[in-house]
Amino acid sequence: MANLPETEDFAEGTYQIETSDRVLGGPGGIANKQAEQLGNRTAWLKTAITKIIAGTTVVGKAARLATARTLKLKGAASGSGAFDGGADIEITLTLADSGIVAGAYSKPVFNSKGLATGGTNPSTLAEFGITDAYTKTEAGQSFASKSTTLGGYNIGDAYTKTQIDGSLSGKADKATTLAGYGITNAYTKTEAGQSFASKSTTLGGYNIGDAYTKTQVDSALSSKADKGITLAAYGIGDAYTKTEAGQSFASKATTLSGYGISDAYTKTEAGQSFASKATTLGGYNIGDAYTKTQVDSALSSKADKGTTLAAYGISDTYTQSQLNTLLDGKATKGAATEAFAGTAAVATQAQTNSGTDNATIVTPRKLRAGFLFSFTENGFIAFPTWLGGLIIQWGRTAVLTDGSGTNVSLPFTFPSTTLQMWTSLYGSVSGDSAACRETAGQFVSLSQINVSYNETNSALGGSAVSWLCVGF
């Protein structure tokens, strides 16, 4: 007896032997069909399980590994953990040492992975690689011999003491009168009072030049003709009246032949010759004469002779009566107040300064008097006397060395009193933590101050000093 041959085949379904099938044994026989299929499936399953056990094929799902494995990390970090698939694991990483000592560094060195491999703590410009700044020593040497004049610093937008003195020499000294300031184009209180003492009664008195006086109007009208209906009424003497013309021509000939005229047509001849001629200027092509219609139209817009502004249709000027009414009560002598238009004197500078007078007028010049300024490096603001006359001045010295001082001429001399002054270092004090600097100042006179400088470390190289002072 032999065994059925088996092949690794997983057939879908199992063959059903039908009643009509004829019994046939042997390989492939219908009687062995079902047994062959089951045997093939068993062979297929055995092979698949063997591969799984041997680890030569991938399984769909497993609960854990038969043998646990250790997962290890090495390189920039180390760590390990056992894994058999039964649960998640966590591996603690330990970073490898980068070769740098633990600490704080202001200039670290990094590798391509961003890990610090070295570092230094520089304390000088050179160690930081900075080339566009001066060291303290270089700065001290650079400023030690700086200029003490505006020209030395190439400053062109400020005035020197000489220039300011020259400019002030042409300014007026304080005065209380127009003459004291050399003003000649203004009235004094006395002159103004005399000027406005009486009301003017003429156009010239009010300096009115765009209107005619009564005399001018009467003179102009005197040469105009009164309206008339005769030549004599218009004073015309070089023309004949109708009567004179009739008398002159009464005995004259009535025909051309009567006058011996042969180079003219008689009425009969002219009538025959011009029977069809035109009866208008246009008909004769005459262009240098006006027609009756044109003359009537031109004359219709002309004014008839009259003796009043209304007669001539003039409405943009005042009649004598209207002007007298308007001028009545104007320009009368009296003091100006908030409620009444009148005259008032110009305040003196002393009145402006006191601020108590309420009967005079302050001019812009009085308001401006005493206000001066110079917005420069060494400058000042001098407020007007009527604002108290306070003067604020400021400036900056050249670089002063340790233990030195200098007298500074003020941009503007205080007129009477100095009040207070302050000084401070000018520039940066970074890097001075191990040293101390100090400045001081005092008034020498109304026009001069003294500024001094001191430091505990001469290697600092000195410093410029800013100052501010006030007075009046």
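Thr-70 is found in strand β1, which covers residues 69-73; strands here are DSSP runs of type E with at least two residues, helices are runs of type H or I with at least four, and both are numbered from the N terminus. This is a predicted model, in which local features need pLDDT of at least 70 and side-chain atom pairs count only at pLDDT 80 or more, while totals for chains, interfaces and linings use all residues. Residues are numbered from 1 along each chain as its sequence is written, and side-chain values use heavy atoms, with hydrogens and water left out.

Leaving aside residues up to four places away in sequence, Thr-70 touches Ser-80, Gly-81 and Ala-82, a contact being heavy atoms within 4.5 Å. Ala-82 lies twelve residues from Thr-70 along the chain, and the C-alpha atoms of the two are separated by 4.2 Å.

Three strands form an open antiparallel sheet in the order β1-β2-β3, where two strands pair if DSSP finds at least two bridges between them. Because β1 and β3 (94-95) stand at the edges with a single partner strand each, one side of each is left without a neighbour in the sheet. Strand β2 (residues 77-83) pairs with β3 in the antiparallel sense over two bridges, and Ala-77 has Leu-95 in β3 as its bridge partner.

The chain has twelve helices and 13 strands. Two further values describe the chain:

| Property of the chain | Value |
|---|---|
| Buried residues (under 20% relative accessible area, 1.4 Å probe, protein chains only) | 14% of 472 residues |
| Contacts joining residues at least 24 apart, among those between residues at least 6 apart in sequence | 43% of contacts |

Methods: Buried < 20%, exposed > 50% of the residue type's maximum accessible area, 1.4 Å probe, protein only.
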